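Here is a chain to question term by term. Each label is set against its cut-off, and then a conclusion follows.

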Amino acid sequence: MSTVSYYTAEGLKKLREELDYLKNVMRPKASQDIADARDKGDLSENAEYDAAKEAQGMLEMRIAKLEEIHSNARLIDETHLDVSKVLVLSKVKIKNQTNGMEMIYTLVAESEADLKTGKISVTSPIGKGLLGKSVGEVAEITVPNGVLKFDILEITRD
């Protein structure tokens with residue numbers, strides 16, 4: 001059963017670009033690699049041919065997976081999102097009650113998460129703990145080391 005995935009316009013564009021690249025660049029290259037290996041002689045003992053066929057199979061699996069994801073992708077309409085609560089695409093400023101450290105995270109779909117750029121998945125423990133909270137509330141998040149408490153300082157949209 002396939003699940004619906006929610007994407008920002010940027011995330012959906014990247015998904016389409018990767019799918020187009022695999023179909024229009026890598027698929028013809030894989031076919032050419034097989035043809036080149038086939039021209040080298042006996043297929044029963046041709047390791048290059050076997051490797052090219054295996055690479056093509058992996059490529060086709062990746063294309064099929066991306067097509068499934070794309071067919072179930074939904075674009076998030078940011079204009080209808082409430083800014084009083086933490087939701088997908090919220091930019092949240094939080095403060096760790098234990099050490100006083102302040103952090104800013106943007107909550108995104110799992111496929112767009114990138115901690116280096118401050119984007120965390122709504123399915124991550126911290127993302128789940130922040131969802132639905134308002135400014136001034138305390139988010140108690142259970143992590144492997146125990147429970148972290150974060151003060152919600154600010155919620156914005158980009």
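**Labels and their grounds**

Q: What makes the contact of Glu 17 and Lys 13 a salt bridge?
A: In this predicted model, the side chains of Glu 17 and Lys 13 meet at 3.5 Å, N to O. The cut-off is within 4 Å of a carboxyl oxygen. The pair therefore counts as a salt bridge.

Q: Why are Glu 17 and Lys 13 separated by about one helical turn?
A: Because they are four residues apart in helix α1. An α-helix has 3.6 residues a turn, so residues three or four places apart point the same way.

Q: Why is Lys 13 called exposed, and Glu 17 partly exposed?
A: Exposed means over 50% relative accessible area. Lys 13 has 52%, so it counts as exposed. Glu 17 has 43%, so it counts as partly exposed.

Q: What makes Lys 14 and Glu 10 a salt bridge, and what network are they linked in?
A: Their side chains meet at 3.4 Å, N to O. The limit is 4 Å, so the label holds. Glu 10 and Lys 14 are also linked with Lys 119 in a network of salt bridges.

Q: Why is Lys 14 called exposed, and Glu 10 partly exposed?
A: Lys 14 has a relative accessible area of 52%, over the 50% mark, so it is exposed. Glu 10 has 44%, so it is partly exposed.

Q: How do you know that the pair of Glu 60 and Arg 27 links distant parts of the chain?
A: Their side chains form a salt bridge at 2.9 Å, N to O. Glu 60 is in helix α2, Arg 27 is in helix α1, and they are 33 residues apart. Glu 60 is partly exposed at 29%. Arg 27 is partly exposed at 30%.

Q: What is the span of helix α2 set against?
A: Helix α2 covers residues 47-71, which makes 25 residues. From first C-alpha to last, α2 reaches 36 Å, close to the 36 Å expected at 1.5 Å a residue. Its buried residues include Tyr 49, Leu 59 and Leu 66. The buried residues of α2 pack against α1.

Q: Why is Thr 106 called buried, and Val 88 partly exposed?
A: Buried means under 20%. Thr 106, in strand β4, has 14%, so it is buried. Val 88, in the loop between β2 and β3, has 24%, so it counts as partly exposed.

Q: What does Thr 106 touch, leaving out residues up to four places away in sequence?
A: Its contacts are Leu 89, Ser 90, Lys 91, Gly 118, Lys 119 and Ile 120.

Q: How do you know that β3 and β7 pair?
A: Pairing needs at least two bridges. β3 and β7 have six, in the antiparallel sense, so they pair. Ile 94 has Ile 152 in β7 as its bridge partner. β6 and β7 also pair over six antiparallel bridges, and a hairpin joins them through two residues.

Q: What makes up the largest nonpolar core?
A: That core has 15 residues, and Ile 94 and Ile 152 are among those with the most contacts inside it. Strands β3, β4, β6 and β7 each supply at least two of its residues. Apart from it lies another core, of 10 residues, including Leu 15 and Leu 66.

Note on methods
Residues are numbered from 1 along each chain as its sequence is written. This is a predicted model: local features need pLDDT of at least 70, side-chain atom pairs count only at pLDDT 80 or more; totals for chains, interfaces and linings use all residues. Side-chain values use heavy atoms; hydrogens and water are left out. A nonpolar core is a set of buried Ala, Val, Leu, Ile, Met, Phe, Trp, Tyr and Cys residues joined through side-chain atoms within 4.5 Å. Buried means under 20% relative accessible area, exposed over 50%, partly exposed in between (1.4 Å probe, protein chains only). Contact means heavy atoms within 4.5 Å. The expected span of a helix is 1.5 Å times one less than its number of residues.
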